[in-house]
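Colleague: I would like a close look at one part of this protein, the surroundings of its ligand. Could you walk me through that part and what it is built into?

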Amino acid sequence: MNSTSLQFNNVNKAFTLQSVNYDNYDKENPTLTWMRKQVQKNVLKFLRLNDKILELNSGTGIDAEFFAEKGFTVHCTDLSDGMIGQMKKKFSATNFSDRLIIQQCSFTELDKIGNKKFDFIFSNFGGLNCIPDLRESTKFFPSLLNKNGRVCLVILPPVCPWEMIQVFRGKIKFAFRRFSNQGTLANVEGVKFKTFYFSSKNVTNTLGPGFKILRLESLGLFTPSPQMEKIPKKFPGLTKLLNKTDEKISHLFPLNRIGDHIIITAEYQGT
Ligand SMILES: C[S@@+](CC[C@H](N)C(=O)[O-])C[C@H]1O[C@@H](n2cnc3c(N)ncnc32)[C@H](O)[C@@H]1O
């Protein structure tokens with residue numbers, strides 16, 4: 001098995017195991033709930049009436065369900081058997097399953113979608129960080145987008161201050177893990193696979209001159225990262241204040257380039 005197949009195999013195994021409790025964990029983690037709300041608010045600002053969305057790495061389909069309920073059509077894709085299974089279960093119980101399409105496919109094989117066109121391509125919560133070169137996916141974007149189609153990519157960047165200050169607790173390797181060019185080993189449900197981190201500049205360069213950046217925003221800069229679960233539980237008032245601070249200033253330069261995640265929205269200028 002070559003290194004790409006091994007990576008995809010492990011990603012599938014890890015997220016299939018995680019898919020069973022994914023929604024419960026998502027709901028019970030106040031930071032994740034807040035982050036998802038910020039992403040959804042951001043996407044709604046850039047969606048236009050009746051837009052057709054292509055979602056990459058949809059997971060269990062939480063965002064897809066949200067946008068379909070608002071009237072948008074969402075073509076959901078994911079690599080993981082478990083995530084696809086959870087989506088099928090979830091969508092069949094909705095009243096708007098006709099606006100939700102599911103296709104098991106890697107975002108590095110978007111040619112499998114055929115000659116469909118979309119108005120919006122969306123990837124949430126770092127799914128794209130599972131490949132070493134974003135071009136493996138973004139190369140398909142121009143042929144999938146309608147004129148003036150938009151993309152919103154929520155990506156893990158290298159500079160995450162909340163992780164970096166862990167150096168003062170002696171966690172040196174963890175504090176700088178995002179800077180490794182070779183990728184860092186993530187451990188999800190006991191299965192290890194590589195994660196790669198991308199700066200806003202890297203994403204902008206990867207999209208190329210055909211895309212105009214509409215908005216760049218940090219997600220989780222003052223707010224502690226979602227895995228620091230004890231902080232919101234111990235200090236709910238302070239966490240709310242940090243959430244509000246992020247909401248006010250996360251779009252300002254240079255803060256909009258760092259954080260737990262960054263949200264990049266761009267418009268395709270080609271034909
Ligand atoms: C952290 S989860 C995020 C899921 C979802 N976007 C959300 O917001 O809940 C990452 C997802 O990326 C998917 N993924 C990772 N590599 C992928 C690939 N090459 N193609 C498609 N999906 C992939 C995983 O299966 C998993 O569902």
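How many residues surround the ligand, and which are the closest?

Modeller: Happy to. Please keep in mind that this is a predicted model, in which local features need pLDDT of at least 70 and side-chain atom pairs count only at pLDDT 80 or more, while totals for chains, interfaces and linings use all residues. Residues are numbered from 1 along each chain as its sequence is written.

Around the ligand there are 19 residues, and the closest are Phe-15, Asn-57, Gly-59, Ser-80 and Gly-127. A residue is near a molecule if its C-beta atom, placed from the backbone, lies within 6 Å of it. By class, this shell holds eight nonpolar, nine polar and two charged residues. Here Ala, Val, Leu, Ile, Met, Phe, Trp, Tyr, Cys and Pro count as nonpolar, Asp, Glu, Lys and Arg as charged, and the others, Gly among them, as polar.

Two helices, H1 (3-19) and H4 (62-69), each supply at least two residues of the shell. Helices (H or I, at least four residues) and strands (E, at least two) are DSSP runs, numbered from the N terminus.

Let us take H1. Helix H1 packs with H5 at an angle of about 35 degrees, their axes 6 Å apart. Axes are lines fitted to C-alpha atoms, for helices over the stretch in contact, and angles run from 0 to 180 degrees between N-to-C directions. From H1, the contact uses Asn-12, Phe-15, Thr-16, Leu-17 and Ser-19, and from H5 it uses Asp-81, Gly-82, Met-83, Gly-85 and Gln-86. Two residues are in contact if their C-beta atoms, placed from the backbone, lie within 7 Å. Three residues of this helix pair's contact are nonpolar, six polar and one charged.

Now H4. Its buried residues are Asp-63, Ala-64, Glu-65, Phe-67 and Ala-68. Buried means that 20 or more other C-beta atoms, placed from the backbone, lie within 10 Å of a residue's own; 12 or fewer is exposed, and in between is partly exposed. These H4 residues pack against helix H3 (30-46), strand E1 (52-56), strand E2 (73-78), helix H5 (81-92) and strand E3. After H4 comes Gly-71, with a positive phi near 110 degrees.

As for the setting, the protein has twelve helices and nine strands, and buried residues make up 42% of its 271 residues.
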